[in-house]
Amino acid sequence: MKKKALITGVTGQDGAYLSEFLLRKGYEVHGIKRRTSLFNTDRIDHLYQDPHVDNRSFILHYGDLTDSTSLVRIVQKVQPDEIYNLAAQSHVAVSFEEPEYTANADGLGALRLLEAIRILGLEKKTRFYQASTSELYGLVQEVPQRETTPFYPRSPYAVAKLYAYWITVNYREAYGLYACNGILFNHESPVRGETFVTRKITRAVARIALGLQDCLYLGNLDALRDWGHARDYVEMQWLMLQQEQPEDFVIATGQQFSVRQFVEHAAQQLGITLSFEGKGEKEIGVVAKVEGDRAKCKVGDVVVRVDPRYFRPTEVETLLGDPTKAREKLGWKPRTSFEELVREMIESDYAAARRDSLVKLAGFKAYDYHE
Ligand code: NDP
Ligand code: GDR
C-alpha cells in the first residue's frame, strides 16, 4: 500500500517542491487548492494527472483553511498517513493590511486540521506537520536562534503563526498526536512568490538588464536574513514526520546576508556592478547606480531606489538560525549555497525576461479585452 500524504498549500512554493519530493518517494499525494477566478496551479501543472486515468498518485481537492467542513470532508475521504499544513497567508507585510484573515487562515487553520484528525478518530494514524517560521523570533532574544530561543512575534502574521505553533504542541501533549513544528527560516527558489524580496530582486534585475524595467523600488535594505533553498527544506519537513517521537526543529543555513547584499549578488550574476549611496534611509532616494556599461545598463543609471511604502510598521531586523539539532538528530544539512541559490533564481528570471523581450521585439501585442 502506498503511503498517503495530504498537503495544504499545494499550489505554493513549498507545496510544489514537497509534492515532487513525495511523489519520488512513492507516495500518493493529495493536495488542497482553493477556488480562484484564475488558474493558480502553475507551480504544479507538470505534476498534473488526468482525473480520467486510474491509479493516480497526484490528486487535488477544493478546500480552504478557513472552512472547517471542507477540511473534515477531505481528511475523511483521504485518510492520510501524513498531513503537511503549508497553507497560509504567508506575506508578512500583507498581514498588517489583513490581520483578521491572516489570524483565521494561519492560526485557526492549524486548529481546524488538528480537530479534523481528532473528530475523525485518526490520532493514532495521521501525523501532522505545521509550517512554523523564524518570524516567531521577531525581536530576537538570542543569536543564533535555536529551538529553545524565546519568541517575540512582530507582525499579525507571526502572532497567528505563534498560535499555530502552540496549538500543535498542545495537541501533541494533550492527545498524544504525532504533531510537530518545523521552524523554517526564509527559503527561496525560482518559483518563490514574486512579491517576496528575493524574487522581486531577481526578477527586476533580469528585466532591468534587458531594458524591460528602469528601476527596482525596495524598503529596508539593511534587513538581515538566513536564506536557504526550498528544495532542501522540504526534505526536512518529511524527515520530521519519519522519527519515532515527534519533535520541533529549526531549519536554517546558519549564514546571514542583508537585502542590499542580495541585490549586489543578483546584479553581479549578470555582470552588473552597483555602487550604493547613503544608508537606505526610510525616504525615497537614489540607492544604487550602475558602475560599468553592461547589457542595457549604462554607467550612472539609477537602478535601485528606496520607497517608504515597503517598510513595515514593526520590522524583523535580523534572523540567523542554528540548525545543529536538525544536523545531529536527522543528519540534515542544506545542500545549496547562497551563491547557488541567487544564481539559480537569476538564471530562471533572466530566461523569462528574455522571452518577454523577444516577444516585445517581434511586435506582439497582448489581446486587449476592451478593443
Ligand atoms: P506560499 O505563499 O508560496 O504558498 C501558500 C499556499 O497557501 C498557497 O498554495 C496558497 O494558495 C495557500 N493558501 C493561502 N491561503 C489559503 C487558505 N485560506 N486556504 C487554503 N490554502 C490557502 O508559501 P510558501 O510555500 O513559501 O510557504 C509554505 C508555508 O511555510 C506557509 O505556511 C508559510 O507561512 C510557511 N513558511 C514559509 C517560509 C518561506 O521562507 N517560504 C519560511 C517559514 C515558514 P494560492 O496558491 O491559491 O494562493
Ligand atoms: P519575510 O520575507 O518577511 O522575511 O517573510 P520578505 O522576502 O517579504 O522580506 C524579507 C526582508 O526584506 C525586507 N524588504 C522587502 N520585503 C519585500 N517583500 N519587499 C520589498 O520591497 C522589500 N524591501 C525590503 C523586508 O522588510 C524584510 O525584512 C518570509 C515569508 O516567506 C514568511 O511566510 C516566512 O514565515 C518568513 O519568510 C520566514
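This is a predicted model: local features need pLDDT of at least 70, side-chain atom pairs count only at pLDDT 80 or more; totals for chains, interfaces and linings use all residues.
Residues are numbered from 1 along each chain as its sequence is written, while chains are lettered from A and ligands numbered from 1 in the order in which they are written.

**Whole chain.** Start by showing the cartoon: you will find ten helices and 15 strands, taken as DSSP runs (helices H or I, at least four residues; strands E, at least two) and numbered from the N terminus. Along the principal axes, the C-alpha atoms fill a box of roughly 65 × 50 × 40 Å. Colour by burial next: 45% of the 371 residues are buried (20 or more other C-beta atoms within 10 Å of a residue's own, with C-beta atoms placed from the backbone).

**Helix pair.** Now select residues 197-209, helix α6, and residues 259-269, helix α8; their axes come within 10 Å and cross at roughly 30°. Axes here are lines fitted to C-alpha atoms over the stretch in contact, and angles run from 0 to 180 degrees between N-to-C directions. The two helices are therefore roughly parallel (an angle under 35 degrees).

**Their contact.** Show side chains for Val197, Thr198, Ile201, Thr202 and Val205 in α6, which meet Val259, Phe262, Val263, Ala266 and Ala267 in α8 (contact means C-beta atoms, placed from the backbone, within 7 Å). Eight of these residues are nonpolar, two are polar and none is charged, with Ala, Val, Ile and Phe among the nonpolar types.

Key:
Angles under 35 degrees count as roughly parallel, over 145 as roughly antiparallel, 65 to 115 as roughly perpendicular and the rest as oblique. Two residues are in contact if their C-beta atoms, placed from the backbone, lie within 7 Å. A residue is buried if 20 or more other C-beta atoms lie within 10 Å of its own, exposed if 12 or fewer, and partly exposed in between; C-beta atoms are placed from the backbone.
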